[in-house]
Amino acid sequence: RFEPYQIAINDLTTLPLDVSLIPEDDDDGDGIINFYDEYPEDADRAYDTYTPSIYGVGSLAFEDLWPAKGDYDFNDLVINYQFITVSNSSDEVVEIKCNFTVNNIGASFNNGFGLELPFSKDLIESISGFNHTSGNINLDGKGLEAGQDNPVIIVFDDAFDNDGQQLSVVISLVNPIDPEIIGAPP
């Protein structure tokens with residue numbers, strides 16, 4: 001006969017780690033041993049930082065009638081996001097990856113989505129991974145929206161053409177930069 005609460009279950013365990021058993025190989029010579037290096041064969045990259053986290057996504061919700069008064073339901077365009085900042089062994093950012101997924105379209109407009117970056121265009125080498133289908137977006141040689149003072153990435157120009165699919169936008173930088181210049185996403 002089974003009697004509840006008479007069986008002890010131990011599912012939390014502490015395992016000792018003998019650091020002397022961790023190999024100290026550093027194949028790329030960046031000063032981070034392979035065991036801790038997310039890019040053990042690339043001296044220009046060492047680790048990733050995820051926003052909001054490695055395990056989940058954040059959401060951005062929009063009302064498309066702004067600045068006019070609308071219904072304030074903020075379901076006209078809902079986008080899930082995750083930013084991955086790739087850093088080198090000196091804690092400088094070398095690349096930014098941005099994953100966007102259209103989660104909901106509650107509007108009849110063909111809404112697009114873009115983001116303005118808080119740093120100079122001169123720091124950007126190129127942008128890739130966007131999806132433009134309308135032919136209405138003018139880009140410069142880097143993949144940024146042309147005619148803007150600040151760097152603007154148009155991720156997509158029609159939400160209906162991107163509904164449910166993930167877009168992985170990659171911001172390649174000219175040189176590694178201090179993460180404080182970039183700021184915190186989104």
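**Salt bridges, surface charge and overall form of the chain**

In this predicted model, arginine 45 forms a salt bridge with aspartate 42, the closest N and O atoms being 3.4 Å apart; a salt bridge is defined here as a side-chain nitrogen of Lys or Arg within 4 Å of a carboxyl oxygen of Asp or Glu. Arginine 45 also forms a salt bridge with glutamate 95, where the closest N and O atoms are 3.2 Å apart. Arginine 45 lies in the segment before E1 and glutamate 95 in strand E4 (residues 93-104), so this pair ties together parts that are 50 residues apart in sequence. Strands (E, at least two residues) and helices (H or I, at least four) are DSSP runs, numbered from the N terminus. By the stated rule, the count comes to 2 salt bridges, and Asp42, Arg45 and Glu95 are linked in a network. Side chains of opposite charge can pair when their charged atoms come close.

Glutamate 95, at 11% relative accessibility, counts as buried, whereas aspartate 42, at 24%, counts as partly exposed. Buried means under 20% relative accessible area, exposed over 50%, and partly exposed in between (1.4 Å probe, protein chains only).

Glu24, Asp25, Asp27 and Glu41 form a negative surface patch. Patches are made of residues with over 30% relative accessible area and no salt bridge, like charges being joined within 9 Å and nonpolar side chains (Val, Leu, Ile, Met, Phe, Trp, Tyr) within 5 Å.

Serine 108 lies in the loop between E4 and strand E5 (113-116) and counts as exposed at 66% relative accessibility. Serine 108 and tyrosine 50 are 58 residues apart in sequence and 33 Å apart in space, C-alpha to C-alpha.

The chain has 1 helix and 8 strands, which follow the pattern β-β-β-β-β-β-β-β-α along the sequence. The radius of gyration is 22 Å, well over the 16 Å that the globule rule gives for 186 residues, so the chain is more spread out than a compact globule. This radius is taken over C-alpha atoms, and the globule rule is 2.2 Å times the number of residues to the power 0.38. Of the 186 residues, 32% count as buried.

Residues are numbered from 1 along each chain as its sequence is written, and side-chain values use heavy atoms, with hydrogens and water left out. Local features need pLDDT of at least 70 and side-chain atom pairs count only at pLDDT 80 or more, while totals for chains, interfaces and linings use all residues.

How values were computed:
Accessible areas come from the Shrake-Rupley method with a 1.4 Å probe; for residues, only the protein chains shown count as cover. Lys and Arg count as positive and Asp and Glu as negative; His and the chain ends are not counted. The place of a charge is taken as NZ of Lys, CZ of Arg, CG of Asp or CD of Glu.
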